[in-house]
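Here is a short briefing on one protein model. The sequence and structure come first, then the notes by topic.

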Amino acid sequence: MATRATWRRAGRLLLKGLGVLLLVPLLYLLAVLAGGLLTANGDWRQSDDGVPIFIRTNGVHTWIMVPTVTADMDWRALAPADHIKEPRLNGNYLAFGFGNRDFYLNTPTWADLSFKTAFAAMIGGGPSLVHVDHETDPVEDEYTRRMTISREQYRRLTRYIRDSFQLDEQGRSMPLIGRGYGWSDVFYESGRSYNFVRTCNEWTGEALRTAGIRAGVWTPLSQSIMWRVEAGDEEPACARGGPA
């Protein structure tokens with residue numbers, strides 16, 4: 001009898017453990033959904049006369065693309081062309097992204113992705129990097145959306161991006177020379193923390209919210225960013241709580 005009771009207790013503990021394992025990802029997904037539905041800066045509209053920026057995705061990760069030089073910001077001091085493998089590929093736009101250091105450096109292609117790296121990037125913390133890619137004349141396509149923001153919004157956006165860089169004692173950015181996915185990109189040391197709350201896409205969302213641009217209140221997934229960007233000036237119907 002004692003043995004049978006012991007097995008019953010063990011069975012109950014096992015079921016409780018499995019329940020917790022199922023509950024945690026479910027709660028996370030519900031939080032992701034809620035964070036995407038709740039809106040920050042819901043009254044934002046594009047500017048008629050401002051700065052054109054782009055939001056780009058590869059389906060998993062997002063970047064913010066901004067002009068290399070404007071009256072309000074010249075990025076060439078922070079991310080000069082001589083930091084990339086082929087300086088002649090410098091363009092009139094820069095694409096900024098943020099992510100886990102280990103994931104960035106050890107996953108040059110999806111084929112290189114290991115379970116350990118993915119799991120650590122999903123739930124862990126650790127050092128982070130800023131990824132910068134030099135672009136020329138970006139255009140809208142299925143992966144890229146354009147928006148025009150006011151100069152004041154752009155100044156706020158540039159401050160957020162600039163503050164993501166870790167600087168040395170001379171105030172210079174700290175590139176990982178030779179480390180990039182191609183000839184026109186490079187990684188930089190970042191002083192911001194990376195974790196399961198501030199993911200690569202939440203960095204994008206936080207940048208947009210800080211600038212006063214409409215975004216979800218928490219955007220850990222690429223889709224959390226892009227569905228609002230693709231809505232243009234119109235707030236998505238499900239976020240407004242009424243029909244389109």
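The buried residues of α6 are Ser-222, Ser-224, Ile-225, Met-226, Arg-228 and Val-229. Buried means under 20% relative accessible area, exposed over 50%, and partly exposed in between (1.4 Å probe, protein chains only). The model is predicted: local features need pLDDT of at least 70, side-chain atom pairs count only at pLDDT 80 or more, and totals for chains, interfaces and linings use all residues. Residues are numbered from 1 along each chain as its sequence is written, and side-chain values use heavy atoms, with hydrogens and water left out.

**Overall make-up**

- The protein has seven helices and eight strands. Helices (H or I, at least four residues) and strands (E, at least two) are DSSP runs, numbered from the N terminus.
- Of its 244 residues, 41% count as buried.
- Take contacts (heavy atoms within 4.5 Å) between residues at least 6 apart in sequence: 74% of them join residues at least 24 apart.
- The accessible surface comes to about 13200 Å², and carbon and sulfur atoms hold 59% of it. Areas come from the Shrake-Rupley method with a 1.4 Å probe; for residues, only the protein chains shown count as cover.

**The sheet**

- Six strands form an open, antiparallel sheet in the order β6-β2-β3-β4-β5-β7. Two strands pair if DSSP finds at least two bridges between them.
- β6 (144–149) and β7 (185–189) are the edge strands; each has a single partner strand, so one side of each lacks a neighbour in the sheet.
- From one strand to the next, the twist averages 25°.
- Strand β2 (residues 51–57) runs antiparallel to β6, joined by six bridges. Pro-52 has Thr-148 of β6 as its bridge partner.

**Helices across the sheet**

- Helix α4 (residues 151–163) lies across β2, β3 (62–67), β4 (93–100) and β6, at about 120° to β3. Axes are lines fitted to C-alpha atoms, for helices over the stretch in contact; angles run from 0 to 180 degrees between N-to-C directions.
- Helix α6 (residues 222–229) lies across β2, β3 and β6, at about 140° to β2.
- Six of the eight residues of α6 are buried, so this helix is largely enclosed by the rest of the structure.

**Asn-201**

- Asn-201 lies in helix α5 (residues 200–211). Asn-201 is buried, with a relative accessible area of 2%.
- Its side chain makes a polar contact with the side chain of Thr-62 (2.8 Å). Such a contact is a pair of N or O atoms within 3.5 Å; within protein, one must be able to donate a hydrogen and the other to accept it, and residues adjacent in sequence count only if both atoms are side-chain atoms.
- Not counting residues up to four places away in sequence, Asn-201 touches residues including Ser-222 and Ile-225.
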